[in-house]
Amino acid sequence: MKEHLVTFSNGQTLMVREDQNLLEACREAGIYIKSGCGGHASCSDCLIKITQGEDDLNSPSFEETQLIGNVFHITKERLSCQTKVLGPVSVDISAHDKSNDAEKLKTKKFNPPKGNVRKRTRDEVIAIKKERQDLGKEKEEKRNSWQKHWEREKDPSKAGGSGGNRRPKTFRTDFEENEAAKEESLIKTEELKTEDKKETKDS
Ligand code: FES
């Protein structure tokens, strides 16, 4: 596999194979480049600036352009985890200062949640958990008892005296409606007949 010379802004030099990316090569050689995502093109921490030999690099990957855009020809910036070297290049890594980053990490403060946060002891937490579990069980039982109320109705010994648990019996209304309509039509025909008789008598 071919190797190419990379010259860094701090004066260090490195021979980088064509099949490895710049971040990998630097890690192997102990040259510090910051990386938050481990080389998965999702943090943009490993940004470097190419000062010479920009044509001797692979073209930016899809992931890289998604993250930093397709403006390499203007900014000369690349993600070192996505950059492969195909010829001699010079790279500016002055933005990557290990001691500075370590110091930042040390002084980084944990931001506690805002508002009044009450600290509870372990026993208190266990008691609260148990209370919630009991409440959940109680609710579950209630839900089940409601869902199966018709089974209780089947058992006459468990039927309530107030009748509140009983479902109303269904009844047909279409039959009664038909009967009423029949009666109405009969009355009408009777009336018509009597009217006809009257008319014949008068004539
Ligand atoms: S290491 Fe995260 S984008 Fe390169």
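Guide: One definition to begin with: a helix here is a DSSP run of H or I with at least four residues, and helices are numbered from the N terminus. Just after the one called α1, G30 takes a positive phi of about 80°. Keep in mind that this is a predicted model.

Visitor: How many bridges join β3 to β5?

Guide: Three, and these two strands run antiparallel. β3 covers residues 47-52 and β5 covers residues 89-92. If you look at I50, you'll find it opposite V91 in β5.

Visitor: What else does V91 touch, leaving aside its neighbours within four places in sequence?

Guide: Besides I50, V91 is in contact with V6, F8, S9, I48 and T51. V91 is also among the residues with the most contacts inside the largest nonpolar core, along with L22 and I33.

Visitor: How many residues does that core have, then?

Guide: It has 19 residues. The largest share comes from α1, with four residues. As a general point, nonpolar side chains in soluble globular proteins tend to be buried together.

Visitor: Back to the helix. Which residues of α1 are buried?

Guide: L22, L23, A25 and C26. They cover an arc of only 165° around the axis, so they sit on the same side of α1. What covers the buried residues of α1 includes β2 and β3.

Visitor: Changing topic: where is E18?

Guide: E18 is in the loop between β2 and α1.

Visitor: And why does E18 count as partly exposed?

Guide: Because E18 has 13 C-beta neighbours inside 10 Å. A residue needs 20 or more to be buried, and 12 or fewer to be exposed.

Visitor: Which residues does E18 touch, not counting residues up to four places away in sequence?

Guide: M1, K2, K84, V85 and L86. Take K84: E18 and K84 are 66 residues apart in sequence, but 6.2 Å apart in space, C-alpha to C-alpha.

Visitor: Great, thanks!

Note on methods: Residues are numbered from 1 along each chain as its sequence is written. This is a predicted model: local features need pLDDT of at least 70, side-chain atom pairs count only at pLDDT 80 or more; totals for chains, interfaces and linings use all residues. Two strands pair if DSSP finds at least two bridges between them. A nonpolar core is a set of buried Ala, Val, Leu, Ile, Met, Phe, Trp, Tyr and Cys residues joined through C-beta atoms within 7 Å. Two residues are in contact if their C-beta atoms, placed from the backbone, lie within 7 Å. The arc is that of the directions from the helix axis to the C-beta atoms.
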